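User: Could you walk me through how to read a protein model, feature by feature?

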Amino acid sequence: MGASTKESRVAGYSGSGAYVDVVAPGSSILSTYRATSYKIDDGTSMACAYASATAALVKAAAPRLGPAEVMNVLQRSARDLETAGRDNLAGYGLIQPVAA
């Protein structure tokens, strides 16, 4: 899991390597903060919520899919970023909830 910017580029703070399968928006995300407030933040933690929600939508639409199959849907429907094809910065690309 990596993070992307508003411009659909891999964020500078995002991790990279063979373990990155996809990226999701992670810059300037409104999130809860402390007990009763909100703040705009950046990070792969922000991107993870977006990816988790997309995976939940895929699972709700196709309840019989297992975890590996859900991940495959996310990978196949991602919009390629950076270099063509899978790479260590963006993985398969930017998660696309509607396409998934």
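Here is a short walk through helix packing, nonpolar cores and a salt bridge.

Analyst: A word on the ground rules before we start. This is a predicted model, where local features need pLDDT of at least 70 and side-chain atom pairs count only at pLDDT 80 or more, while totals for chains, interfaces and linings use all residues. Residues are numbered from 1 along each chain as its sequence is written, and side-chain values use heavy atoms, with hydrogens and water left out.

User: At what angle do helix α1 and helix α2 pack?

Analyst: In general, two packed helices are described by the angle between their axes and the distance between the axes. Here α1 (residues 44-61) and α2 (residues 67-77) pack at about 115 degrees, their axes 10 Å apart. Helices are DSSP runs of H or I, at least four residues, numbered from the N terminus. Axes are lines fitted to C-alpha atoms over the stretch in contact, and angles run from 0 to 180 degrees between N-to-C directions. That makes α1 roughly perpendicular to α2, a label covering 65 to 115 degrees.

User: Which residues make the contact?

Analyst: From α1 come T54, A55, V58 and K59, and from α2 come V70, V73 and L74. Contact means heavy atoms within 4.5 Å.

User: Which residues of α2 are buried?

Analyst: V70, V73, L74, Q75 and S77 are. Buried means under 20% relative accessible area, exposed over 50%, and partly exposed in between, using a 1.4 Å probe and protein chains only. What covers these buried α2 residues includes α1.

User: Which residues make up the largest nonpolar core?

Analyst: The general idea is that in soluble globular proteins, nonpolar side chains tend to be buried together. A nonpolar core is a set of buried Ala, Val, Leu, Ile, Met, Phe, Trp, Tyr and Cys residues joined through side-chain atoms within 4.5 Å. The largest one has eight residues: A3, A11, V22, A24, A47, A51, A78 and I95. A second, separate core of six residues includes V20, V23, L81 and A90.

User: What does A47 touch?

Analyst: A47 sits in α1, and it counts as buried because its relative accessibility is 0%. Not counting residues up to four places away in sequence, A47 touches M1, G2, A3, A24, P25 and G26. A47 and A3 are 44 residues apart along the chain, with 5.5 Å between their C-alpha atoms.

User: How many salt bridges are there?

Analyst: A salt bridge is a side-chain nitrogen of Lys or Arg within 4 Å of a carboxyl oxygen of Asp or Glu. The count is one: K39 and D41 meet at 4.0 Å, N to O. K39 counts as partly exposed because its relative accessibility is 31%, and so does D41 at 29%.

Conventions. Helix = DSSP H or I, 4+ residues; strand = E, 2+ residues; numbered from the N terminus. Parallel < 35°, antiparallel > 145°, perpendicular 65-115°, else oblique.
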